[in-house]
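Welcome! Please take a moment to look over the sequence and the model, and then read on for a short tour.

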Amino acid sequence: MKKLYQALSIVAPSGEYIVQGVKTLEIRSWRPEQLPLKNLLIVENTHYLNTHGDEEEGRAIAFVDIQSVHVWKNTEIEPAKASYWEDGYWAWVIENVRPINPPIKTMARRKIYWIELEQM
């Protein structure tokens, strides 16, 4: 039976860092329209999707919950696994990581999007 899930694409290796528990913040220039985001599917892909309509094949690697979002602080480079800090970004707090093993091939798209997969 198939089910719709909300998904967020993340460029490799950041998805694997989330699965490993070393990346606990996802940094974005935008905030989700509503919180919390429960059972958000993380889809890891290889390229940044910068333009409306961009998509590529990725792999669903985990479910996470996003309970809160706050202004990204310059002291949060390490939990974000970022190489630098820049003002004006949002830190999404990643919680309750549930890896998908084995990962499932699926499409990666921009922003938060809906994807249909076999119910897990």
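Helices and strands here are DSSP runs, numbered from the N terminus. A helix needs at least four residues and a strand at least two. Please keep in mind that this is a predicted model.

## The largest pocket

Let's begin with the open spaces. The largest pocket has a volume of about 840 Å³, and 29 residues line it. Glu26, Ile27, Arg28, Tyr48 and Tyr89 are the lining residues nearest to its centre.

What kinds of residues make up the lining of the largest pocket? There are 14 nonpolar residues, seven polar and eight charged.

## The second largest pocket

The second largest pocket holds about 160 Å³ of space. Its lining consists of Gln6, Trp30, Arg31, Pro32, Glu33, Gln34, Leu37, Lys111 and Ile112. Sorted by class, four of these are nonpolar, two are polar and three are charged.

Is Lys111 buried or partly exposed? With a relative accessible area of 36%, Lys111 is partly exposed.

## An enclosed cavity

The structure also has one cavity of 30 Å³ or more, and the space in this largest cavity is about 40 Å³. Around it are Leu8, Ile10, Ile18, Glu26, Leu40, Ile42, Val64, Ile66, Trp92 and Ile94. At least two residues of the lining come from each of β1, β3, β4 (55-71) and β5.

By class, the cavity lining has nine nonpolar residues, no polar ones and one charged.

## Salt bridges

How many salt bridges does a search of the whole structure find? It finds eight. Glu26 takes part in a salt bridge with Lys23, at 3.2 Å from N to O, and in another with Arg28, at 2.9 Å. Glu26 is buried, because its relative accessible area of 7% is under 20%. Lys23 is buried too, at 4% relative accessibility, and so is Arg28.

Another salt bridge joins the side chains of Glu44 and Arg59, with 3.0 Å from N to O. This pair links distant parts of the chain, since Glu44 is in strand β3 and Arg59 in strand β4, 15 residues apart. Glu44 is buried at 6% relative accessibility, whereas Arg59 is partly exposed at 30%. Together with Glu16, Glu44 and Arg59 are linked in a network of salt bridges.

## Backbone details

Two cis peptide bonds can be found along the backbone. One runs from Leu35 to Pro36, with omega near -5°, and Pro36 is in the loop between β2 and β3 (37-45). The other joins Asn101 and Pro102, with omega about 0°, and Pro102 belongs to strand β5 (residues 90-109).

Asn39, a residue other than glycine, has a positive phi near 55°. Asn39 is part of strand β3, and its relative accessibility of 40% makes it partly exposed.

Methods: Residues numbered from 1 in each chain as written. Predicted model: local features only at pLDDT ≥ 70, side-chain atom pairs only at ≥ 80, totals over all residues. Heavy atoms only, no water. 1 Å grid on protein atoms, 1.4 Å probe; cavity = no way out; pocket = protein on both sides within 12 Å on 5 of 7 lines; lining within 4 Å. Points joined across faces, edges and corners; volume = space filled by probe spheres on them. Nonpolar A, V, L, I, M, F, W, Y, C, P; charged D, E, K, R; others polar. Buried < 20%, exposed > 50% of the residue type's maximum accessible area, 1.4 Å probe, protein only. Salt bridge = Lys/Arg side-chain N within 4 Å of Asp/Glu carboxyl O.
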